[in-house]
Amino acid sequence: MLKDKKYKEYQITTKKCLYCETINGIADDICANCRRPLDRTKIIAEAESKEKELQELKKQMEELPRMINELISQKTEHLEEALKRKTKQNI
Ligand SMILES: [Zn+2]
């Protein structure tokens, strides 16, 4: 039991990179080799913020066709009006 505990304590003094498996010191926040965060919570937080960004982007992308259609219909209306005005002026 005692030996087991000691082994665990020894383990905690190092952090293994989840990406490249480089052994880093416990105080290190980022991997000395690949510069990625060593802290699992930081990795999760980073992944979550990226996911949020992606969701936001996806939402905007879904809105895009509708916005374009609206823009086109508005523009055609304006164009038609402008054309009508122009032809009226010509007459
Ligand atoms: Zn690494």
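**Confidence**

I began with confidence in the protein chain, and found it lowest in helix α1 (residues 2–12), at a mean of 58, and highest in strand β2 (residues 23–25), at 93. The score is pLDDT, the predictor's confidence in each residue on a scale from 0 to 100. I noted that this is a predicted model, in which local features need pLDDT of at least 70 and side-chain atom pairs count only at pLDDT 80 or more, while totals for chains, interfaces and linings use all residues. I number residues from 1 along each chain as its sequence is written. Where pLDDT is low, the predicted coordinates should not be read in detail.

**Elements and totals**

I next looked up the elements, and found two helices and two strands in the protein chain, which follow the pattern α-β-β-α along the sequence. Helices (H or I, at least four residues) and strands (E, at least two) are taken as DSSP runs, numbered from the N terminus. Of the 91 residues in the protein chain, I found that 2% are buried; a residue is buried if 20 or more other C-beta atoms lie within 10 Å of its own, exposed if 12 or fewer, and partly exposed in between, with C-beta atoms placed from the backbone. I also checked contacts between residues at least 6 apart in sequence, and 2% of them join residues at least 24 apart; two residues are in contact if their C-beta atoms, placed from the backbone, lie within 7 Å.

**T14**

I placed T14 in strand β1, where it counts as exposed because it has 12 C-beta neighbours inside 10 Å. Leaving aside neighbours within four places in sequence, I found T14 in contact with I23, N24, G25 and I26. T14 and G25 lie 11 residues apart in sequence and 4.7 Å apart, C-alpha to C-alpha.

**The loop between β1 and β2**

I found L18 in this loop, and it counts as partly exposed, with 14 C-beta neighbours inside 10 Å. L18 and D39 are 21 residues apart in sequence, and their C-alpha atoms are 9.2 Å apart in space. E21 is also in the loop between β1 (14–16) and β2, and its phi is near 65°, a positive value in a residue other than glycine. I noted E21 as exposed, with 10 other C-beta atoms within 10 Å.

**R35**

I looked up R35 in the loop between β2 and α2 (40–90), and found a positive phi of about 65°, although R35 is not a glycine. R35 is exposed, because 10 other C-beta atoms lie within 10 Å.
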